Amino acid sequence: MIRLTADHTMDTRDMRAVYCSTLMEEAERDPRIVAIDCDLCSSMGMKPFAERFPDRHFNVGIAEANGVGIAGGLSVVGLRPFFHTFSAFATRRVFDQIFLTCAYAGQNVKIIGGDAGVTATYNGGTHMSFEDMGILRVLPTLTVMEATDAVMMEDLTRQLPAYPGVVYLRTPRKATVKIYEPGSHFTIGQAVPLREGGDVTIFCQGLCVSEALKAADALAAEGIEASVVDVFTVKPIDRETIVRYAQKTGAVVTAENHNIIGALGSAVAEVLAEHCPTPMERVGVQDTFGEVGQQEYLMERFGLTAPHIVAAVRKVLARKG
């Protein structure tokens with residue numbers, strides 16, 4: 001069951017703290033769960049796990065490729081490894097190891113990428129992954145997701161130990177806006193409708209979910225009713241829901257904290273091109289590199305805010321009209 005919170009304020013819990021505490025609870029129940037760190041134990045919020053399970057926490061140093069290889073090897077012997085680091089290091093730095101040691105080998109490895117997109121803030125353009133989901137979406141068998149808020153992060157983390165195959169879960173490290181009520185349960189691969197409207201559908205993900213809801217409120221004041229759908233799983237993409245809402249509204253906008261190439265915007269465009277051609281606009285990073293700055297500045301700089309979504313809706317409605 002999924003319930004929306006009426007209080008869309010900033011959570012008091014960091015996403016990394018939710019990840020750690022939830023994984024610790026699961027590790028108490030399942031002795032096969034192990035964690036692999038790359039000298040970012042504090043940054044990824046995993047010190048409590050390392051202290052509670054010193055024999056099940058492995059710090060491999062600044063050697064991410066080696067860490068992924070170790071994760072694949074631990075999976076071979078029946079363990080359930082969680083490999084976590086900043087999203088830039090968890091994807092583009094170790095693509096070949098994920099391909100060969102994990103996915104191609106058919107292992108069960110869970111990869112957690114922190115500091116997703118503009119949430120890297122002062123770590124800057126070198127660490128700002130606008131391409132991570134696109135990189136991993138092309139690999140066969142992978143599941144690729146982005147956690148929307150702390151409630152979703154907790155629920156997905158609980159599911160991952162038993163979920164088969166290689167999974168990439170993308171997340172900010174710090175607090176996010178509350179979207180869901182505690183106790184909500186999410187089905188991996190199934191999008192979540194948040195709001196119903198007949199004029200346009202906003203398919204959104206991650207940080208942009210709260211911005212899409214703000215945009216829908218602003219549009220309603222103009223007499224434009226928008227459906228808002230949280231597509232937290234970009235692979236496997238929920239084709240049925242995307243087609244249903246495209247047919248319902250006849251106009252689509254995607255909104256993501258990622259390059260518009262490769263992730264949500266591309267995945268939705270592929271579905272629509274093959275199954276339901278529909279006017280579409282993409283809100284996201286316009287094929288450029290990141291930079292240093294506060295998150296609020298970066299969201300404005302890269303066009304990820306509610307006013308940008310509203311502008312895209314007006315544009316697509318003009319095409320629809």
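How many aromatic pairs does a search of the whole structure find? The search finds six. Rings of Phe, Tyr and Trp (its six-membered ring) are taken as a pair if their centres lie within 6.5 Å; planes under 30 degrees apart count as stacked, over 60 as edge-to-face and the rest as tilted.

The structure is a predicted model, in which local features need pLDDT of at least 70 and side-chain atom pairs count only at pLDDT 80 or more, while totals for chains, interfaces and linings use all residues. Residues are numbered from 1 along each chain as its sequence is written, and side-chain values use heavy atoms, with hydrogens and water left out.

## Aromatic rings

| Pair | Centre to centre | Angle between planes | Type |
|---|---|---|---|
| Tyr180 and Phe186 | 4.7 Å | 75° | edge-to-face |
| Phe186 and Phe232 | 6.0 Å | 75° | edge-to-face |

Tyr180, Phe186 and Phe232 form one aromatic cluster. Tyr180 and Phe186 are both buried, and Phe232 is buried as well. Here buried means under 20% relative accessible area, exposed over 50%, and partly exposed in between (1.4 Å probe, protein chains only). Phe186 lies in the loop between strand 6 and strand 7 (192-195), and Phe232 in the loop between strand 9 (226-230) and strand 10 (233-235), so their pair ties together parts that are 46 residues apart in sequence. Helices (H or I, at least four residues) and strands (E, at least two) are DSSP runs, numbered from the N terminus.

Elsewhere, the charged end of Arg56 sits over the ring of Phe53, 4.5 Å from the ring centre. For this term, NZ of Lys or CZ of Arg must be within 6 Å of the ring centre and within 35 degrees of the ring normal.

Two strands are said to pair if DSSP finds at least two bridges between them.

Individual partners can be named. Ile111 has Tyr168 of strand 6 as its bridge partner. Met145 is partnered by Leu169 in strand 6, and Glu146 stands opposite Arg170 in that strand. From strand 5 the chain passes through helix 7 (residues 150-159) to strand 6, a β-α-β crossover that is right-handed. That word applies if, with the strands pointing away from the viewer, the path from the first strand over the helix to the second runs clockwise.

Strand 5 also pairs with strand 10, in the antiparallel sense, over two bridges. In this pairing Val144 stands opposite Lys235 of strand 10.

## Helix 3

Helix 3 (residues 64-76) has 13 residues and reaches 19 Å from its first C-alpha to its last, close to the 18 Å expected at 1.5 Å a residue. The expected span is 1.5 Å times one less than the number of residues in the helix.

Where do the buried residues of helix 3 lie? These residues are Glu64, Gly67, Val68, Ala71, Gly72, Leu74 and Ser75. Seen down the helix axis, they fall within an arc of 165°, so they line one face of helix 3. The arc is that of the directions from the helix axis to the C-beta atoms. One of the buried residues, Ser75, has a relative accessible area of 8%.

## Backbone in the loops

Most residues other than glycine have a negative phi, and most peptide bonds are trans. Asp39 has a positive phi, near 60°. Asp39 lies in the loop between strand 1 (33-37) and helix 2 (47-52) and counts as partly exposed at 45% relative accessibility. Phi of Asp287 is also positive, near 55°. Asp287 belongs to the loop between strand 12 (280-285) and helix 11 (295-301), and is exposed, with a relative accessible area of 53%.

The peptide bond from Lys235 to Pro236 is cis, with omega near 0°. Pro236 is found in the loop between strand 10 and helix 9 (239-249).
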